Amino acid sequence: MTYPILYSFRRCPYAMRARMALYVSGLRCELREVVLRDKPAQMLVLSPKATVPVLQLLDGRVIEESLEIMHFALDHNDPHGWLSADPVETKMLIDQNDLIFKNHLDGYKYSARYENVDPLKEREKAEKILMQLNSRIDKYGFLCGPQASLVDYAIFPFVRQFAYVDMNWFKNSPYPALVKWLHDFLESDIFLRVMKKYEQWHDGDEVIYFRE
Ligand SMILES: N[C@@H](CCC(=O)N[C@@H](CS)C(=O)NCC(=O)O)C(=O)O
């Protein structure tokens with residue numbers, strides 16, 4: 001093993017944020033594309049909790065939380081100042097996203113999987129958070145200040161998923177600053193680069209490097 005190994009799934013919002021931080025930091029790693037219903041044994045041995053992303057480091061450490069991967073990458077190199085935003089506000093917004101918004105997003109997007117979940121009620125609950133994000137962007141430019149920081153990159157993949165449930169509704173929602181913020185990230189170089197498609201990884205495949 002010459003480089004750290006990232007187990008990732010292209011469409012997973014947690015994996016997206018980890019990939020973006022790794023990408024911007026310039027840290028080179030091997031990329032192993034995972035299919036969630038067919039996870040590789042190598043990954044399950046490293047991380048029995050069996051979620052992506054997982055980053056295996058050269059010294060044997062394994063990082064199995066996307067935010068920790070972001071911090072690991074940015075502690076190594078943070079060329080765009082992603083760590084410069086207020087850490088308390090950053091944590092508050094990310095906790096709100098991961099612990100509350102994500103649940104409403106799942107209820108909105110996958111209501112058929114749950115009993116007694118009304119997708120429109122879930123959307124209404126999620127909207128309270130969208131409204132708050134919109135007013136922060138309106139006021140500051142980005143979620144925590146005049147430049148994009150870790151919190152924007154950690155959250156926009158989830159807003160993206162939300163928007164795609166009903167893009168027409170999202171685009172016509174009373175949150176124009178948020179709509180533009182998302183649109184700009186979706187068109188950004190960094191996002192397009194980390195969304196490159198790869199085949200499912202199998203042992204013995206030619207190594208794919210994330211950042212050539
Ligand atoms: N707290 C974890 C959550 C990661 C997570 O839940 N990833 C999903 C994919 S989006 C997953 O791997 N789920 C396991 C599965 O569906 O089998 C993190 O931030 O890395």
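**Figure 1. Domain 1 and domain 2 of the predicted model.** The centres of domain 1 and domain 2, taken over C-alpha atoms, are separated by 23 Å. The protein chain is divided into domain 1 (5–80 + 192–210) and domain 2 (83–188), with bounds from an automatic or database domain assignment. In this predicted model, local features need pLDDT of at least 70 and side-chain atom pairs count only at pLDDT 80 or more, whereas totals for chains, interfaces and linings use all residues. Residues are numbered from 1 along each chain as its sequence is written.

**Figure 2. The side of domain 1 that touches domain 2.** Ten residues of domain 1 are in contact with nine residues of domain 2; contact requires C-beta atoms, placed from the backbone, to lie within 7 Å. Helix H1 (13–25) and helix H3 (66–76) are the elements that give two or more residues to this side of domain 1. Helices (H or I, at least four residues) and strands (E, at least two) are DSSP runs, numbered from the N terminus. H1 supplies the largest share, five residues. By class, this side of domain 1 has eight nonpolar, no polar and two charged residues. Ala, Val, Leu, Ile, Met, Phe, Trp, Tyr, Cys and Pro count as nonpolar, Asp, Glu, Lys and Arg as charged, and the others, Gly among them, as polar.

**Figure 3. Packing of H1 and H6.** The axes of H1 and H6 are 8 Å apart and form an angle of about 145°. Axes are lines fitted to C-alpha atoms, for helices over the stretch in contact, and angles run from 0 to 180 degrees between N-to-C directions. The crossing of H1 and H6 is right-handed, that is, the near helix is turned clockwise from the far one by less than a right angle. Pro-13, Met-16, Arg-17, Met-20 and Ala-21 of H1 make the contact with Tyr-153, Ala-154, Pro-157, Phe-158 and Gln-161 of H6.

**Figure 4. Packing of H4 and H6.** Helix H4 (residues 87–109) packs against helix H6 (residues 150–165) at an angle of about 15°, with axes 10 Å apart. The two helices are therefore roughly parallel (angles under 35 degrees). Residues that meet include Leu-93, Phe-101 and Leu-105 in H4 and Ala-154, Phe-158 and Phe-162 in H6. The residues of this contact divide into twelve nonpolar, three polar and two charged.

Figure 5. Asp-203 lies in the loop between helix H9 (189–194) and strand E5 (209–210). With 8 other C-beta atoms within 10 Å, Asp-203 is exposed (12 or fewer such atoms). The C-alpha atoms of Asp-203 and Arg-32 are separated by 9.5 Å, although the two residues are 171 residues apart along the chain.

Definitions and conventions
Contact = placed C-beta atoms within 7 Å. Parallel < 35°, antiparallel > 145°, perpendicular 65-115°, else oblique. Buried ≥ 20, exposed ≤ 12 C-beta atoms within 10 Å, placed from the backbone.
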